[in-house]
Each structure stands twice: as C-alpha cells, then as structure tokens.
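Thanks for coming. Please have a look at the chain on the screen, and then I will go through it.

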Amino acid sequence: CGLCSIPAQSFANDCVDLHSAKQYKQAMSRCMAMAAHNDVSALFTLGLMHFYGQAVPQSQSEAFGFFKRAARLGHAGAQNNLGYFYYNGVVVKQDYVRAFLWFSL
C-alpha cells in the first residue's frame, strides 16, 4: 500500500502539521489513515476537525467519539476535552464527577 512505505510517526506528524497549516482536506485523509491504527495525535486532531467543522460537517458527537478514543489511549488534551463535554453537558448528560475525573487525568 502507499502508506506502508512511510514511517508511522512521520505520517502522523504530517496529519498534525497539515492541520496546523489549515490544509484540512489533506489533514483529514492522513488523520483518518492513522486513526485506523489508533494513533492518538490523529484521533485528537480528528476530534478537533469535527468539533470545529474543518473539512467535515461540524459534529460535536463525532468529536466526542474521537476525543474519547484518544483519551482512553492517554492523550492529555483529549482527556481535558472530555472534561469539557461532561462539565457542560455537551452531547452527554452533564456529570461533574466524570468531568472531574477527566480533568484530573
């Protein structure tokens, strides 16, 4: 495959770098490929893209799903974002205990 010859870390960095450069369509493609391998940076970036509607329709529920996957794999930014979702009752029922749990990680 075309992706197999590229080192995984390099490809994941491309995902984040493309997003930072606001090249959202290219970032989406790269991030989706890496998310299939549970790359935490790619999952987090996809969460951001869905939350803000970058190259995809804005969807807080899709963002929550990507953040949750990244958070469970230890991504601190994703853990913080889940705290936000629970604290504010966005997509999920407001739950200060779960918010505290995610914020404290």
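Let me start with a term: a contact means heavy atoms within 4.5 Å. With that, residues 24 or more positions apart account for 36% of the contacts in the chain with a separation of 6 or more.

Some ground rules. This is a predicted model, in which local features need pLDDT of at least 70 and side-chain atom pairs count only at pLDDT 80 or more, while totals for chains, interfaces and linings use all residues. Residues are numbered from 1 along each chain as its sequence is written, and side-chain values use heavy atoms, with hydrogens and water left out.

Now the overall layout. The chain has six helices and zero strands, where helices (H or I, at least four residues) and strands (E, at least two) are DSSP runs, numbered from the N terminus. Along the sequence the pattern reads α-α-α-α-α-α.

How much of the chain is buried? Of its 105 residues, 41% count as buried. Buried means under 20% relative accessible area, exposed means over 50%, and partly exposed is in between, with a 1.4 Å probe and protein chains only. The accessible surface comes to about 6,000 Å², and 54% of that belongs to carbon and sulfur atoms. Those areas come from the Shrake-Rupley method with a 1.4 Å probe; for residues, only the protein chains shown count as cover.

Next, the cysteines. The structure holds one disulfide, meaning a pair of cysteine sulfur atoms within 2.5 Å. The partners are Cys-15 and Cys-31, with their sulfur atoms 1.8 Å apart. Cys-15 lies in helix α1 (residues 8-20) and Cys-31 in helix α2 (residues 24-35), so the pair ties together parts that are 16 residues apart in sequence. The torsion about the S-S bond of Cys-15 and Cys-31 is about 85 degrees, so this disulfide is right-handed. Both Cys-15 and Cys-31 are buried.

Last, the aromatic rings. Rings of Phe, Tyr and Trp (its six-membered ring) pair if their centres lie within 6.5 Å; planes under 30 degrees apart count as stacked, over 60 as edge-to-face and the rest as tilted. That rule gives nine aromatic pairs. One of them joins Phe-51 and Tyr-84, edge-to-face, at 6.2 Å centre to centre with 80 degrees between the planes. This pair links distant parts of the chain, since Phe-51 is in helix α3 (residues 40-52) and Tyr-84 in helix α5 (residues 76-88), 33 residues apart. Phe-51 is buried, at 15% relative accessible area, whereas Tyr-84 is partly exposed, at 34%. Ring pairs also link Phe-51 and Tyr-84 into a cluster whose members include Phe-44, Tyr-52 and Phe-64.
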